[in-house]
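I have put my comments into a few numbered points, to be read alongside the model.

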Amino acid sequence: MTLADTDKTVTCSIGVMAYNEERNIGNLLKALCAQELDTVSIGEMVVVASGCTDNTCDVVEDEIVCDTRIRMLVQEQREGKMSAINLFLKNARHEVVVIINADVLPETDCIERLVGPFADPSVGITGGRPVAINERKTLPGFAAHLLWDMHHQISLTTPKMGELIAYRNFPEIEISPDTVDDEGIVEELVARKAMRKVYRPQAIVYLRGPTTVRDFVKRRRNIYAGHLQLRARTRYTPSTFGTLAMARRLFRPLLRWTKGRPGDLMRMAGVAGLELLARLLGAYDWYVLGRDHRI
């Protein structure tokens, strides 16, 4: 760190949640260390290695040698993302925390864009813009681009937090380990405190979505079950919860997005069918099976 870093406006702790990410986490940590910062300082980068059985911890140790801001917390057993986040929050040293998965790559100014708004004390949570890198010609790849573009369109008017978020480390944050929708829980707390949610489309993070139909349905099933759990526990629902309301809001933007290409229109219909199936399965998990989706 340079002397100038001590004069920044907002200092944050970055929490990286990792399970068997030896192929990705080194690149992520390098990208975080190389962030272009102006009004923001990265005080620490804390990797929570949760039940890893590969060389994730070894890769992190190599990066710690290169930058002393990096440290690692190890969970011997995989307990789910929320358990890892709780461990990070208990050990974070700064008021503003960033939550990021180990399998993404941020743009060079991502953290500056994401954390900068916290100079305003009324801001409670911010969200960045995930951008898929999948091949669009496959149905799962098309679905990844479509859903994240829908997420972007909705968040421009009604912020919805996604794969990259930052928030104030409120003392009362102690979230049940079986929670699936961790960002939704914090959104609800921020709303209860009458603080602001801010969407930062300039804070871009790249990710690869599911590459098979099976994985796509599994992931969306998990997400919807998490939304139902959130509503049952807090009466709060994210802006992407209502299927029909979301479809009405996005009908025209989605037609422009496909530019009238018949192949894309057919893929869109396929994605809609898969999403409906995933939501039905998620509802079945929650209402009938009581299935635990934490892992």
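1. A word on terms before we start: contact here means heavy atoms within 4.5 Å. Please keep in mind that this is a predicted model.

2. Let me begin with helix 6, which spans residues 182-192 and is mostly covered, with 9 of its 11 residues buried. The buried residues are Asp182, Glu183, Gly184, Ile185, Val186, Glu187, Glu188, Leu189 and Val190. What covers the buried residues of helix 6? The cover includes helix 3 (81-91) and helix 7 (213-234), along with strand 6 (123-132), strand 7 (164-168) and strand 8 (196-207). After helix 6 comes alanine 194, which has a positive phi, near 60°.

3. Stepping back to the overall picture, the protein has 9 helices and 8 strands. Of its 295 residues, 53% are buried. Taking contacts between residues at least 6 apart in sequence, 79% join residues at least 24 apart. The protein exposes about 14200 Å², and carbon and sulfur atoms supply 53% of that area.

4. On to the cysteines. How many disulfides does a search of the whole structure find? The search finds 0. For cysteine 52, the nearest cysteine sulfur belongs to cysteine 57 and is 5.2 Å away. A disulfide needs two cysteine sulfur atoms within 2.5 Å, and cysteine 52 is in no disulfide. Cysteine 66 is in none either, as its nearest cysteine sulfur, that of cysteine 33, lies 7.9 Å away.

5. Is cysteine 66 buried or exposed? Cysteine 66 is exposed, and its relative accessible area is 64%.

Notes
Residues numbered from 1 in each chain as written. Predicted model: local features only at pLDDT ≥ 70, side-chain atom pairs only at ≥ 80, totals over all residues. Heavy atoms only, no water. Helix = DSSP H or I, 4+ residues; strand = E, 2+ residues; numbered from the N terminus. Buried < 20%, exposed > 50% of the residue type's maximum accessible area, 1.4 Å probe, protein only. Areas by Shrake-Rupley, 256 points an atom, 1.4 Å probe, with all protein chains shown as cover.
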